[in-house]
Each structure stands twice: as structure tokens, then as C-alpha cells.
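Here's a quick briefing for anyone meeting this structure for the first time. Have a look at the model below, then read on.

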Amino acid sequence: MGITRQKNAIEQVFEDSPQHLTAEEVFFKVRETTPNISLATIYRHLNTMADRGELTRLTFPDGKCRFDKCANLWTGHAYCQRCRQVFDLDPASLKMEPQVSADPHFQISGCEVILKGLCSNCQAQGEEPLET
């Protein structure tokens with residue numbers, strides 16, 4: 001299988017999924033249509049796509065690296081400390097004009113915000129966070 005077909009299969013997974021996927025999750029989804037692809041190939045493609053700005057590489061408090069098809073400079077996510085689900089923040093809530101106090105001419109190229117807490121489902125079940 002050619003590199004283009006492998007990459008297309010990975011891109012299709014992100015088009016079909018609103019979730020923020022780990023490499024392992026992408027691997028299992030791609031294997032449904034491309035059974036001979038390896039996990040190493042998935043990692044290689046995901047990292048290349050992230051380096052090129054086609055995906056955003058995100059690391060959450062559970063230590064897992066997830067990938068997001070949103071490649072905005074200002075990204076924000078809410079992370080449930082119980083079920084570990086990840087939610088996108090409304091981009092309008094991230095509008096700000098930060099200043100670097102030690103260097104007022106610092107040119108900012110992006111920002112990642114991660115809010116931690118409990119999602120509404122975990123709150124409704126009376127769950128406590130697994131981690132802080």
C-alpha cells in the first residue's frame with residue numbers, strides 16, 4: 001500500500017470522528033479498511049501530519065497524546081478528570097490579547113488551553129475526579 005493511501009485512510013478517520021484520538025484509536029479504526037497497516041506507520045503519519053500543521057498534537061493530564069484535526073493557533077479543550085473525555089472549547093471564549101511581561105515584543109504563534117474538571121455526565125453520577 002502506498003503512503004498516499006495510508007495517509008488518506010488516516011485523514012478519513014479524522015473526517016469521520018469528532019473525537020480527539022490517540023494513535024492506538026486511529027490504528028484500530030484504520031485497520032477496519034486497511035488491515036496490513038502497522039501501529040508504527042500510524043505514529044509516523046500522525047507525527048508528520050502534526051509537524052506540518054495538518055493536525056494538532058495534544059497531551060492531556062492522563063499522559064496520553066491525542067490528535068485533533070483542528071489546527072487553529074488558539075485551541076482550547078476541557079478534560080474530564082473522571083472519564084477522561086475531551087471536549088472542544090468555544091473558540092470565542094479564547095479571544096484574548098496576551099502580553100509577555102518580560103518581553104513586550106514577543107511574537108506569539110499559538111496557545112493551548114486545557115481546563116480540567118468533571119463533565120456533566122460524571123457530575124450527574126456523583127463521581128469524583130480520578131486525578132487532580
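The side chains of Lys-7 and Glu-11 come together in a salt bridge, with N and O 3.0 Å apart. This is a predicted model, so keep that in mind as you go. Both residues sit in helix α1, four residues apart, or about one turn of the helix.

**Salt bridges**
- The count of salt bridges comes to four.
- Glu-11 counts as partly exposed because its relative accessibility is 27%, which falls between the 20% and 50% cut-offs.
- Asp-51 and Arg-57 also pair up through their side chains, at 3.1 Å from N to O.
- In that pair, Asp-51 is exposed, since its relative accessible area is 62%, while Arg-57 is partly exposed at 31%.
- Then there's Asp-62 with Arg-66, whose closest N and O atoms are 3.0 Å apart.
- Buried or exposed, how do Asp-62 and Arg-66 sit? Both of them are buried.

**The largest pocket**
- The largest pocket has a volume of about 250 Å³.
- Its lining is made of 13 residues, and those nearest the centre are Gln-19, His-20, Arg-66, Gln-85 and Val-86.
- Arg-66, then, turns up both in the salt bridge with Asp-62 and in the pocket lining.
- Which element gives the largest share of the lining? That's β5, with three residues.
- At least two lining residues come from each of α2 (23–31) and β5 (86–88).
- By type, the lining splits into six charged, four polar and three nonpolar residues.

**A closer look at Gln-19**
- You'll find Gln-19 in the loop between α1 (3–16) and β1 (21–22).
- Gln-19 is partly exposed, because its relative accessibility is 48%.
- Gln-19 and Glu-112 are 93 residues apart in sequence, and their C-alpha atoms are 17 Å apart in space.

- Phe-106 is partly exposed, as its relative accessible area is 48%.

**The overall picture**
- The protein has four helices and six strands, and along the sequence they run α-β-α-α-β-β-β-β-β-α.
- Of its 132 residues, 32% count as buried.
- The C-alpha trace spans about 50 × 45 × 25 Å along its principal axes.

Technical notes
Residues numbered from 1 in each chain as written. Predicted model: local features only at pLDDT ≥ 70, side-chain atom pairs only at ≥ 80, totals over all residues. Heavy atoms only, no water. 1 Å grid on protein atoms, 1.4 Å probe; cavity = no way out; pocket = protein on both sides within 12 Å on 5 of 7 lines; lining within 4 Å. Points joined across faces, edges and corners; volume = space filled by probe spheres on them. Nonpolar A, V, L, I, M, F, W, Y, C, P; charged D, E, K, R; others polar. Buried < 20%, exposed > 50% of the residue type's maximum accessible area, 1.4 Å probe, protein only.
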